[in-house]
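Dear colleague,

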Amino acid sequence: MAKMQALMCRECGKEYSTEAVHVCELCFGPLEVKYNYDDIKEKMSRTSVETGPKSLWRYKELLPIEGHPTVGLHAGMTPLIHARNLGAYLGLDNLYVKNDCVNHPTLSFKDRVVAVALTRARELGYETAACASTGNLANSVAAHAAQAGMQCYVFIPGDLEAAKVLGNLIFRPKVVEIEGTYDDVNRLCSEIAGERRWAFVNVNIRPYYAEGSKTLAFEVAEQLGWRAPDHVVVPMASGSLLTKIWKGLNEFKKIGLLKEVSTKVNGAQAEGCSPIATAFKNGRDFFQPVKPDTIAKSLAIGNPADGYYALKTAAESGGAMESVTDDEVIEGINLLAQTEGIFAETAGGVTIGVLRKLAKQGVIKKHEVTVAYITGNGLKTQEAVMNSVGRPYRIPPSLVKFEQTFGQRGAS
Ligand SMILES: *Cc1c(COP(=O)(O)O)cnc(C)c1O
Ligand SMILES: [Zn+2]
């Protein structure tokens, strides 16, 4: 029996065959992969995982592909760091940073979802890869499409950081800059997806794409020695990653790889685009779309597709949500860099800023095992920190000048 049984509507439960469909024709609810967990339980053990490839494909049994992986063979298995310095600063004894700044090949967590989405897209016979992106997704789709020899179109908002634009162009896809926000980009892409037989990884391939995010839960559980953390802090754009971390942990429990899951799933957004966190703080289970205005461009989705489910996940798990100002984002990036030597992008600043708030509020306690998800690399968002890092000392190549600048040896 196949491990993927069907695609199932998250609202009404209607089942569909595992093709490139993503919305329910009855109720317009989003579709999700339904697995045969009894079958997976037979095939997957801690040992089988530990002896698997050093990539996210060690969890292949819980990923939505039928055959062997063909795209993104080296994504995942990024370091989980015991952040002792940052922990000491925040008063947390068991703080960990999951460092997806160094994902292969495009330095963000999107390499996970794209590896899964494009492997599946090829299984379904697609020759063109496409996406609507806030930046990192486009970089990853463009890189993987180049390697896989697929045609590629990426659609981005018109105000992205220079490195994220160049990080597409280098792979020679068609880069389409839309005069508008991500939400405009996404709407246009949904229309194009209806016209062309393209694999839009986060539109018609979305049910498969989203599953790749679960590997950020699987890896953390394995890296902690097969235990679930007490808290996770997760940045939210569409809200998909947050919901899938929760799903992944619970799948591990379902197939017997984890004994217990009582993880509180906390969501992080930037104040300038915080529809999900704002709804949560107001005690609502629905959100109001917003027009984004923040330096955290990778998270700037004003009408988040999984916002409703993210709210449900935080509530169900007993987690919280918070938002931080752009100044706090910049502080968060600097704090992580200066304590742990990790240069994160703006989304990482959002995560650290919110982590700091939750620790201060006592929501996260000193002894609790906490994982902060750092999802993208700071070299891609240099504009955000340019004015906060100072300048180099500039001197002529002269020992005298050097001594004048830094004082005599032994004098300091
Ligand atoms: C895409 C992205 C996220 C989260 O995306 P979701 O749409 O919520 O799954 C988080 N961080 C970075 C850096 C991203 O690029
Ligand atoms: Zn339905």
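The zinc ion (ligand 2) has a tetrahedral arrangement because its 4 donor atoms subtend angles of 96 to 119°, where four donors count as tetrahedral if all angles lie between 85 and 135 degrees. These protein donors, the SG atoms of C9, C12, C24 and C27, lie 2.3 Å from the zinc ion, a donor being an N, O or S atom within 2.8 Å of the metal (3.2 Å for Na, K and Ca). Their spacing in sequence is C-x2-C-x11-C-x2-C.

This is a predicted model, in which local features need pLDDT of at least 70 and side-chain atom pairs count only at pLDDT 80 or more, while totals for chains, interfaces and linings use all residues. Residues are numbered from 1 along each chain as written, chains are lettered from A and ligands numbered from 1 in the order written, and side-chain values use heavy atoms, without hydrogens or water.

As for ligand 1, its oxygen atoms lie 2.6 Å from a side-chain N or O atom of S238, 2.9 Å from one of N136, and 2.9 Å from a backbone N or O atom of G239. Taken alone, ligand 1 exposes 390 Å², of which the protein buries 97% (Shrake-Rupley method, 1.4 Å probe). The shell around ligand 1 comprises 7 nonpolar, 6 polar and 2 charged residues, with Gly counted as polar.

Best regards

Notes: A polar contact is a pair of N or O atoms within 3.5 Å; within protein, one must be able to donate a hydrogen and the other to accept it, and residues adjacent in sequence count only if both atoms are side-chain atoms. Four donors count as tetrahedral if all angles lie between 85 and 135 degrees; four count as square planar and six as octahedral if opposite donors are over 155 degrees apart and all others between 65 and 115; anything else is irregular.
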